[in-house]
Amino acid sequence: MVYYIAFILIGVGIYGFLTQKNLFKHLVSLTIVDTAVNIFIISLGYIEGKEAPIYSKYTPIANFVDPLPQALVLTAIVIGVGTLALGASLLIKVYEKYGTLDVEQIATKEAEE
Amino acid sequence: MISLTNLILVFLIGSIVSYLLTKANKILGSIFNFLLISYALYVVWNIKVGHEEVLFRILRDVERTLKVTNLGKYFAIVSLIVISFVAFFIIEWIRKKDIKPAAFNSFLLLMVSGILGVFFSNDLLTLYIFWEIAVLGSFLIVPMGKKESKRAAIIYVVTSAIGSYMYLFATFSIYQRYGILSFEQVSQYLANDSSNLFKWFVILFIASAGIAKSGIFPLHTWLRITHGNAPDAFSAVLSGQLVKMGSYVLAIALSVFPTTQLFSSFYHGVPLLNYVLIWLGNISILIGTFMAIRQNDMKQLIAFSSIANGGYILVGLGIMNSIGYAGGLFHVFNHAIAAAMIFLSFAAVVYRTGTTKIDEMGGLIWRMPWTFVTYLVGIISLAGIPPTSGFISKWMIFSSLVSKGMFITLAITFIGSVGSFLYVFRPLAGVFLGQLKRKHSDVKEVPIIMLVPMLLFVILTILIGVYPKPVLDSIVSIENEVGIKAIEHSGTIIKTPLGQWNTLTVFTMFSVGFIIAAILYMIFPKGKKVDLTDQYTGGEYLYNYDLYHYATGFYRFIERLYDKHPSFEKLYEKLVSFFRYIGYFTYKLVYKTSPSGYVFWITIVILILFWVRW
Amino acid sequence: MSALLIIIPLLAGFLFIPFKEKAKYILPLVVITTLIILLLLSPDQTNAMGGWKAPFGIVLVLDSASYYSLLVVNIVFLLISLMPQIVEKGYSVVLLILLASTNGLVLTGDIFNSFVFLEITAVAAYIIAFSRKNPYGAFKYLILGGISGAFYLLGAIYAYIGTGSLNFADISVNIKEGFLPIVALLIFIGIGVESKIFPLAGWVPDVYDSGSPLTPVILGTGVTFTIMYLFGRIFITVFHGYFLDVVFIFGLLTIVLGELAALRQNKLIKALAFSSIAQAGLVLSTISLGGYEAIKFGYFHLLNDISAKLVLFIIAATIAHNFTENKIAGVSFSIASFSLIGFPLFAGFRSKLLILQLAFSKDNYLLPAVVLFATVIEAAYILKWNIKLWHSTNTGEEKQKISWNVNLILLIVALLIIFIGIFPDLYLKMAQNIADGLTNYRAYVTNVLGGM
Amino acid sequence: MRRFISIVIVFGLIMFFINTLSLLPKYGSVNISKVSEAYIDKNVNGNGGNVKYNESESLENGAANVVTSIVVDYRSFDTLGEVTVLFTAALGVSLVLNGIRRKKYGRRPNFILRVSVGILLPLIILFGTYIFIHGHLTPGGGFPGGTIIAAGILLLYLSNEEFDLSKTPKFVEGISGSLYIVTGLVGLAIAGVFLINFLPTGIVGDLFSAGIVPIVYILIGFKVGAELSGIVADLHREG
């Protein structure tokens, strides 16, 4: 069931790309796609009736969910953050140069050069 | 006597040496060039036929070999004669011209090494390698000419690339089908190959390299621009010799792979393939002649004449009976010498006057008499008037056409030679006859070093015109080698089914007539020489001195007949701009769009692959 | 031990972050040390990271293919590090990170690890792609890279679900049969964007024309080779050539449309960017002909293309006007462009000839026709630029003189191109080893999974 | 028109993904892969099996939090790559936004913010350090801990105008990153294998257990904290 949510979220992200004019919204759609992929990865590891993969007082014996997707997601999230940070700073420079973040106006400005 | 491979290596290294030498001193470098090329001519002259050498190995099992054949030797001698004369001409010419002399000399040697390789290669791939080296060498020199020559170099390379890449395609399909590449084996395999389509495809694609290079109909547009704008001395080499490389490949395609045995005869013993090629030759004769009449720039005019003469050679080679084939080969020699002679005289004219436009010049006969003589003999041989060698080859082609009964081609070739009288006379009248322009009054004759090669050409044409035995002997040996019944000739008499032609009697008749005319000219009182302005014309005083030179629009009345002629250059330009538009379209659509465009393309690729895969 | 190739540049990068400007001097040292280490290592060894054996931990595989690819990539980085002129202030640290990530991409034997290194290369490439005049191009590249990274990650996850582990060798051996199409498709999208396949490589012209000379030089040569190697590793060794017929069609499309688009460019760097797209397409379609010979000639052509591009991009980025005052640059530019077109005495001719002969021997008449058509177009625009630069009359506004070390490197690479043109077996032997390593996947699997 | 096309495309894409559902195991009934089985039972090298909290002694990994054991020990090379991505991103941000002066918003931060920062900041910092020190015992670890510290720094930036970390994040980042590699190199020196866990792993669940895992995670905590605050600092700078 969660798979459908993940796929629909990817669809929303891509839809955001295809229709939005403002560049910052593209960055937001990129994050949506990243989070959607992360949700999909996490949902692949879940097993009904099993606990979080940590040995503790409450869960002394191994009765755990699949830990590997969670480890991979940890990395994927940080990569998403890295790209987002760089994208935001690039956008600042784009705004500085073109004075706008709208795709059409940038295209017209670039055509003038 | 050094072997061929070393000769080619010497030229490759020589091109670097001559670069350094010319950097030091222009004249020294050009002299070095001339000596090296004449040494090559000497080596090629007395190399014995059948001598074979292994060169190097590219595709694993097929070695690259060089082999001296009669055909190759004949073409090599013709080319080297032309280049050595031009190299001698360059010694003086290079000093004045504003081109980069060091680069010019070194690329010239690079080109010669390519040419030597082409004529002596024994299989399709070596021929392609040296062909590309020659194209590279000549490509580097062409842009040194006028402003327009930059664009001309590109058109030149692209057209010759089209031709040579079709040739390469055919070479590889042969290699893939038979596993061998050398000419004899290929012709044997082709002979007993069953599929007619493959034979057609192979021969046509190999001939396409020749078509591109010798400026035959579909790929002829580059000749006008390249010859017209290349550095003057080099356009002599370009049209005198490089075009002959194209005829060499055509000769290979037609005679070494004997098309007569490969295909059933279509019309009086001429196979359909030859017939098609002959018709291409005809069209290029028509185009060459009619377009040449229109030209005002003398170099472009002669460029169109090389298209026409390329057509003659193809018609000659295509007929494949003894007289026609011999006529074609002889015409290779004549046109090489005539075109080189004419272009050298133009180079001399430009050396002195600086322009190539016919209507800007006039009356140079008094100032540059020897250049005028070379030009006169050149156009006589080009037009094919008896005492010079040009007539013999054209006469052979006509007689073979008659004996084959191909009357439409005969009619076209006649129109071609009549047309050649017309367009050849235009520069004669425009440049040499008529009034001398005031700005050319101080023009002197070109220095001796430039005159010597021109006059040598003159002597050579008349000598071969009178005594064609050496050329005819080598043509006979080629015909035997290629398996066509050789023409019988003895000394100065050439026997053809339609009668024989004795060059000696004709020459004596001509010289007698010439002497009588000279005597009459001496005896009768000559007209009083009068200055242009000293005449009474109905009360109107002539104050404009240059007005009465009628070189501008010389053949306006003929040009009006076909003003709206279909121009292939415009057609090809449209084609190029069509490709450019596709490029622009993809660039705008895929590369210059906003990020949403990129994502759009990614999703489209996924959907296509998804739709195709499942 | 092979981990050192990744660790040393990374350590240098970390240490030099506070004083970025001075990193310019230690960059050549680091590259030389990695080269020395590489030469000391023996080609076929597998190092498990953290001591955990193959399917469980991450494994770095150093077989003949990755050995020679590393050699090529490190030599390219060495040449670039010897030219501090083209590296802007503070970018040497980014170059160090890029070197670490390219070495990692070549060495890694784990699909998720390759995703991480691909992302490091991508992020480093976004930074290099950015310059004062080109923030928009870098941003577009970031978006495209981000999306392709997401798809690559999805592909990795599907591979994990399909085989139970993330190791290349494990995937190639026991991936469940239904998963291969979906995994191949997603990975193709992920790598396709980086390896300049036709519809996906929208970023190339804007990024290569970023104004800073470093971008086209490093992205066009070093990173392209690594991505092509990764493509070979995944699609041949892991997927056993499963997806290659699709790649063949895309390759042909890339060649034709890449060349056509180059025809109309009026800036030299953009034209060269399209030429590198077309050449990448040619390499990909040659590789996807399938078979040991095809891969060998594909990588041979890639080596020739890389050496020609190195020269062309350096000159196009530094001085883009007449060569009269710096002759050596002019001569090497001409030599590189002749080798690109395939004139006989130069390296490009050899590889084009072998590719044509190979295509014919596989009864594939489409590839030669496309290659020859593309070469005609390429001859047109490359030679146009050649003439324009040699004979341009405008006295270039800034009389930029190339410094001696850049000239020296240009000359060395140009002479190498001619040398390869005459004796091609130096590059051929390298390409042969790469093809060996990639094709016998049984040795790869036993090397990784079996031995520990 | 454009919206309609994009809807169709997105619908096609979702259909593409849904089509792959037939391959995937049903949600909730995934069977654990052989690799994760080994991670959970900590017997990759075959001497693990039935790990029990507070009892099993000197296992091959020893970290109570299995996810941390994967992130830092079994697949520690991934995390090294991971940290480099963040490092490059921070480097990139500083190269792209190489502003000098600190951006002044020109309005004084309101009273509540300035006072509450005094109270909250130590708590945030304490909580962050707790997270990445106990990385191998409780959920979370280097990355979340570092982010919390960076959030604290952000709070500082917002609360007063003059606050500016000049170059300190760069130093901290550089040192912690190279220390992480050095621990890996020490493993290489001792046991000839990069990033091996050369310290004793103690009892599952103790604070000082699981060999180098906590040390590495603390270093990562510092590094991530320094990098993210570096990014925050750069974004606050002019230009």
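Predicted model: local features only at pLDDT ≥ 70, side-chain atom pairs only at ≥ 80, totals over all residues.

Visitor: Let us begin with chain B. What makes the size of chain B agree with that of a compact globule?

Guide: The rule for a compact globule of 614 residues gives a radius of gyration near 25 Å. Chain B has 26 Å, which agrees with that value. The C-alpha trace of chain B spans about 100 × 70 × 55 Å along its principal axes. Chain B contains 24 helices and seven strands, and 55% of its 614 residues count as buried.

Visitor: How does chain D stand against the rule for a compact globule?

Guide: For 239 residues the rule gives a radius of gyration near 18 Å, but chain D has 22 Å. The C-alpha trace of chain D spans about 65 × 55 × 35 Å along its principal axes. Of the residues of chain D, 50% count as buried.

Visitor: Which elements make up chain D?

Guide: Chain D has eight helices and zero strands. Read from the N terminus, its elements run α-α-α-α-α-α-α-α.

Visitor: Why is helix α17 of chain B called roughly antiparallel to helix α18 of chain B?

Guide: The axes of α17(B), residues 389–404, and α18(B), residues 407–432, cross at roughly 160° and come within 9 Å. An angle over 145 degrees counts as roughly antiparallel, and therefore α17(B) is roughly antiparallel to α18(B). The contact is made by B:Lys394, B:Ile397, B:Phe398, B:Leu401 and B:Val402 of α17(B), together with B:Thr409, B:Leu410, B:Thr413 and B:Ser417 of α18(B). By class, the residues of this contact are five nonpolar, three polar and one charged. The crossing in which α17(B) passes α18(B) is left-handed.

Visitor: How do you know whether B:Met320 is buried or exposed?

Guide: A residue counts as buried if 20 or more other C-beta atoms lie within 10 Å of its own. B:Met320 has 24 such atoms within 10 Å, and therefore it is buried. B:Met320 is found in the loop between α13 (298–319) and α14 (322–353) of chain B. Its phi is near 60°, a positive value in a residue other than glycine.

Visitor: What makes C:His240 count as partly exposed?

Guide: Residues with 12 or fewer neighbours are exposed and those with 20 or more are buried; partly exposed residues are in between. C:His240 has 13 C-beta neighbours inside 10 Å, so it counts as partly exposed. C:His240 is found in the loop between α10 (214–238) and α11 (244–263) of chain C. It has a positive phi of about 50° although it is not a glycine.

Visitor: How many residues take part where chain C touches chain D, and which helix of chain C gives the most?

Guide: In this contact, 39 residues of chain C meet 40 residues of chain D. Helix α5(C) gives the most to the side of chain C, with ten residues. That side divides into 29 nonpolar, nine polar and one charged residue.

Visitor: What does chain D contribute where it touches chain A?

Guide: The contact takes 46 residues from chain D and 43 from chain A. The largest share of the side of chain D, nine residues, comes from α1(D). By class, that side has 31 nonpolar, eight polar and seven charged residues.

Terms used: Residues numbered from 1 in each chain as written. Chains lettered and ligands numbered in written order. Helix = DSSP H or I, 4+ residues; strand = E, 2+ residues; numbered from the N terminus. Rg over C-alpha atoms; globule rule 2.2 N^0.38 Å. Axes fitted to C-alpha atoms, helices over the stretch in contact; angles between N-to-C directions. Parallel < 35°, antiparallel > 145°, perpendicular 65-115°, else oblique. Left-handed = near helix turned anticlockwise from the far one by under 90°. Contact = placed C-beta atoms within 7 Å. Nonpolar A, V, L, I, M, F, W, Y, C, P; charged D, E, K, R; others polar.
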